[in-house]
Every structure is written in structure tokens, then in C-alpha cells.
Amino acid sequence: MNEIGASTIAAAAVPEQVAPPVRLSVIVPTFNERDNVGQLITRVAASLRGIAWEMIVVDDDSPDQTWAAVQALARQGARIRCLRRIGRRGLSGACIEGILASSAPYAAVIDADLQHDERQLIKMFALLQDDAADLVVGSRYISGGSAGSFTSGRLGISVAATKLARRALGVTMTDPMSGFFMVRTDRFAALAPSLSVHGFKILLDLVASARGRLRIIEIPYSFGARLHGESKLSSIVVLDFLGLILAKSTRDVVSLRFLLFALVGASGFIVHFVVLYAALYEWGLAFAPAQTAAALTAMTTNFFLNNALTYRDQRLKAFALLKGLLVFYAICSVGLIANVGIAFSIYGQRPVWWLAGAAGAVMGAVWNYAASSLFVWRVR
Ligand code: GDD
Ligand code: MN
């Protein structure tokens with residue numbers, strides 16, 4: 001903490017304490033977990049008896065109104081708080097906000113669906129309090145733990161992802177995909193600015209960003225079955241995971257978003273030439289209308305692919321989708337002018353066709369990417 005912060009705090013009047021200061025904040029990210037939160041609170045309360053704990057449920061405005069259920073429970077006692085986020089989605093972001101909202105020395109993250117074993121919290125707490133570690137992780141893959149309720153397909157993916165993470169990022173833990181851990185909040189706060197709020201691999205991100213500066217202990221637990229409802233993690237999270245590996249292994253230089261955007265752009269190139277060929281030789285159009293039809297088709301497929309993949313976390317729908325498409329056409333037209341302009345001027349200085357062409361394409365792609373992330377899929 002800087003000195004200004006410390007002296008301001010010393011000068012400020014602290015309101016009279018009504019309860020001992022909280023030692024442990026239990027952060028629970030939720031999305032449609034209405035039927036699970038009550039049971040979770042009961043079980044956490046039973047296992048944390050004797051500790052000054054609180055629970056911060058971070059709910060992304062669940063359609064099933066989990067936030068209302070949590071607020072109703074919160075009215076019965078001061079230990080529970082609900083942080084309701086509007087217009088935002090994401091497990092990692094929810095965990096980050098929850099932990100940063102804590103003023104306790106330690107914070108745990110635990111799923112709402114009772115798949116994590118809340119009885120481990122007390123052991124995790126003891127390890128942190130004894131200063132044996134900065135981070136304690138619940139692991140399914142050390143002896144004594146198990147991924148019991150996983151289907152064999154999901155287990156395979158989880159094991160492969162773990163291997164990749166360990167290779168690419170030099171992470172040595174057995175279960176970097178775990179969503180169950182407890183951390184010193186001061187260490188977490190120091191690393192928070194380098195964490196991604198997208199995706200769901202917050203633990204892997206934390207450990208990779210710390211680059212060996214966190215003392216970590218893993219303790220075994222058995223991953224149980226979900227109580228009610230269904231998993232929110234679809235197969236698309238594989239993309240999030242690869243994105244994190246890419247970003248962290250290039251020290252945040254290359255983002256998966258740009259890579260996806262470029263790949264979609266490359267697919268547009270193919271679409272363009274297929275349509276151009278068909279328009280010229282199948283439908284017998286003249287070159288100018290054929291080229292226009294090809295360009296419009298490619299822009300349209302690019303738009304929908306980007307909306308479904310690159311920006312799936314802020315997918316446009318209904319009227320916003322139509323408006324986005326029109327803005328995207330406008331941006332791509334400017335991108336095309338930039339592309340051709342740059343290529344021309346480079347070709348003028350050095351008539352190497354592929355160099356000029358590539359420079360133009362890169363220029364166009366960077367412009368399209370920058371402009372559409374500002375004006376079409378606005379990153380909030
Ligand atoms: N606020 C918020 N926003 N919470 C979310 C979101 C979101 O966008 N998506 C999921 N959650 C909450 C769920 O409500 C649940 O409490 C918790 O995050 C975990 O989500 P699940 O949908 O139950 O995930 P899972 O059981 O498939 O995956 C679990 O195991 C993985 C290990 O393979 C999670 O613990 C993952 O973090 C973990 O990596
Ligand atoms: Mn779950």
C-alpha cells in the first residue's frame with residue numbers, strides 16, 4: 001500500500017465494530033444456481049464454525065433470479081452479501097470482482113453447485129493462516145483426490161488441457177484447472193491487474209501470471225456431482241483455454257481474439273474467391289458486379305462468424321445484430337481502402353507483389369479488428 005493510502009486510513013474514523021473483523025471471504029460465482037445456494041450456505045456455515053467468515057455471491061443477473069434468493073438469505077444474517085452484475089458474464093471476471101470486494105486477509109472461491117468439497121475450506125484456511133502458503137488449491141489429481149463425477153470424455157479433455165498448460169506455461173501444479181482454491185487477498189490484489197476477466201480459467205491465469213512468486217500447496221478433494229441445474233461450461237470454453245495459453249505464453253502480445261479475427265478473415269478470403277468464380281463463370285455476371293457480390297458475401301460471413309466465435313461473449317442479437325452488420329460493412333470498406341492504399345504505395349517503392357499485398361492485408365486486418373472491437377462489438 002502506498003503512503004498516502006496508509007495515512008488516509010489512519011486518519012479516517014473507523015465505525016464501531018459490531019462483529020469481529022472478517023478473516024475469510026468465501027466467493028461464490030453464480031449463474032442460474034437458485035436451487036443450490038441455500039444448501040451451499042448451510043454446508044459452508046457448518047464447516048466454518050468458529051471462524052469469522054462471510055460469503056460474497058457474485059451473480060451475473062441470472063434469469064432464474066439467483067440474486068433474489070441470495071438477498072433473501074442475506075436478510076437473515078450479516079454473513080451473506082450479493083454482488084449482482086448487470087450486462088456482464090464470465091466466471092473469471094465474477095471471481096476477480098468478488099475477491100477484490102473482500103477486505104479479509106483470505107478469500108476462497110467455490111462453485112455454488114456443491115461439486116467442490118466445502119469441508120476442505122477449514123484445512124485451506126489453516127494452511128494460509130500458518131503462513132505455509134499464499135495459495136491453497138483443491139486438486140482432483142493428487143492422491144486422495146478424484147474427478148469422480150466426470151464423464152470419460154470430459155475427463156480426457158481435462159487431463160489433456162492440464163498437460164498442455166503445464167508444458168506451455170511451466171505450471172507445475174497437478175490441477176491448474178481447478179475452480180476451488182483459497183488465496184491471500186494481498187497477493188491476489190497485486191496480481192489482479194494482469195488477470196483476464198474473460199473465460200473461466202482464473203486459477204491457471206493467476207498461477208501463470210505469478211511466474212513462480214506464489215507459494216502453492218495442493219490438497220486432495222473429490223469432485224462430486226452437481227446438486228441441481230446444469231453446467232454452464234460448454235465446449236466453447238476450450239477456445240477460452242487455448243486463448244489463455246496463447247496470451248500467457250506470448251506474454252500477452254498475441255490475443256486469441258485477434259487470432260480468431262484473422263482466421264475468420266482468412267475464411268472470408270476463400271468465400272470471396274468461391275463467390276467471385278461462381279458469379280463470373282456460373283451466373284455469367286460482369287466483373288464489377290461479381291466482385292461486389294463476392295465482397296459483400298465475404299463481409300457477411302465474416303460478420304456472422306466473428307459474432308459467433310471471436311466475440312461470442314458479447315454476441316449481438318436482434319436489432320443490434322442488424323445495426324452491427326451495417327457498421328461492419330462500413331468499417332470493412334474503409335479497411336479495404338487502407339489495404340489497397342498501403343499496398344499501392346509500397347508497390348510504388350518496391351515492386352514486390354507479395355510484399356505489397358501482405359502489407360496491405362495486415363493493415364486492413366488490423367484496422368478492421370481495431371475499429372470493429374470499438375464500434376461493433378464494444379468491449380465493456
Ligand atoms: N457469475 C458467474 N458468471 N458465475 C458463473 C458463470 C458466469 O458467467 N458461469 C458459471 N458460473 C458459476 C456457476 O453458477 C457455478 O457456481 C460455477 O461458476 C461453476 O460453473 P459450472 O457450470 O458448474 O462449471 P463446471 O462444473 O462445468 O466446471 C467446474 O469444474 C471445472 C474443472 O474441470 C468449475 O469449477 C470450473 O471452474 C473448473 O475449471
Ligand atoms: Mn459445476
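Which side chain makes a polar contact with the side chain of Thr 310? The partner is the side chain of Asn 306, at 2.6 Å.

## Overall picture

The model is predicted. The protein has 380 residues, and buried ones make up 42% of them. It holds 13 helices and seven strands. Along the principal axes, its C-alpha atoms fill a box of roughly 80 × 50 × 40 Å.

The accessible surface comes to about 19800 Å². Carbon and sulfur atoms account for 63% of that surface. Among contacts with a separation of 6 or more, 76% join residues 24 or more positions apart.

## The manganese ion

Ligand 2 is a manganese ion. Two residues coordinate it: Asp 113 through OD, and Gln 115 through OE1. The distances run from 1.9 to 2.0 Å. Asp 113 is buried, and Gln 115 is buried as well.

One of its polar side-chain atoms lies 2.8 Å from an oxygen atom of ligand 1.

## Ligand 1 and its shell

There are 27 residues around ligand 1. Those that come nearest are Glu 33, Asp 111, Met 177, Ser 231 and Lys 232. By class, the shell divides into eleven nonpolar, six polar and ten charged residues. Strand 1, residues 24-30, supplies at least two of the shell residues. Helix 4, residues 91-100, also supplies at least two.

Backbone atoms take part too. A backbone N or O atom of Pro 29 lies 2.8 Å from an oxygen atom of ligand 1. For Phe 31, a polar backbone atom is 2.9 Å from an oxygen atom of the ligand. How much of ligand 1 does the protein bury? Taken alone, the ligand exposes 740 Å², and the protein buries 97% of that.

## Helix 4

Helix 4 contributes to the shell around ligand 1, and this helix is mostly covered. Seven of its ten residues are buried. They are Ser 92, Gly 93, Ala 94, Cys 95, Ile 96, Gly 98 and Ile 99.

Thr 310 is found in helix 11, which covers residues 287-310. Is this residue buried or exposed? Thr 310 counts as buried because its relative accessibility is 2%, and the cut-off for buried is under 20%. Leaving aside neighbours within four places in sequence, Thr 310 is in contact with Arg 257, Leu 260, Phe 261, Val 264 and Leu 305. Leu 260 is 50 residues away along the chain, yet the two C-alpha atoms are separated by 5.6 Å.

Arg 257, one of those contacts, is found in helix 10, residues 256-282. Arg 257 is buried because its relative accessible area is 16%. Its side chain makes a polar contact with the side chain of Asp 313, at 3.1 Å. Beyond four places in sequence, Arg 257 is in contact with His 198, Thr 310, Tyr 311, Asp 313, Gln 314 and Tyr 369.

## Asn 302

Asn 302 has its place in helix 11. With a relative accessibility of 14%, Asn 302 counts as buried. Which residues does Asn 302 touch, not counting those up to four places away in sequence? They are Val 264, Gly 265, Ser 267, Gly 268 and Phe 328. Val 264 is also in contact with Thr 310.

## Ala 45

Ala 45 lies in helix 2, residues 34-47. Its relative accessibility is 29%, so Ala 45 counts as partly exposed.

Terms used
Residues are numbered from 1 along each chain as its sequence is written. Chains are lettered from A and ligands numbered from 1 in the order in which they are written. This is a predicted model: local features need pLDDT of at least 70, side-chain atom pairs count only at pLDDT 80 or more; totals for chains, interfaces and linings use all residues. Side-chain values use heavy atoms; hydrogens and water are left out. Donors are N, O and S atoms within 2.8 Å of the metal (3.2 Å for Na, K and Ca); water is not among the atoms, so sites may look incomplete. Buried means under 20% relative accessible area, exposed over 50%, partly exposed in between (1.4 Å probe, protein chains only). A residue is near a molecule or strand if one of its heavy atoms lies within 4 Å of it. A polar contact is a pair of N or O atoms within 3.5 Å; within protein, one must be able to donate a hydrogen and the other to accept it, and residues adjacent in sequence count only if both atoms are side-chain atoms. Accessible areas come from the Shrake-Rupley method with a 1.4 Å probe; for residues, only the protein chains shown count as cover. Helices (H or I, at least four residues) and strands (E, at least two) are DSSP runs, numbered from the N terminus. Ala, Val, Leu, Ile, Met, Phe, Trp, Tyr, Cys and Pro count as nonpolar, Asp, Glu, Lys and Arg as charged, and the others, Gly among them, as polar. Contact means heavy atoms within 4.5 Å.
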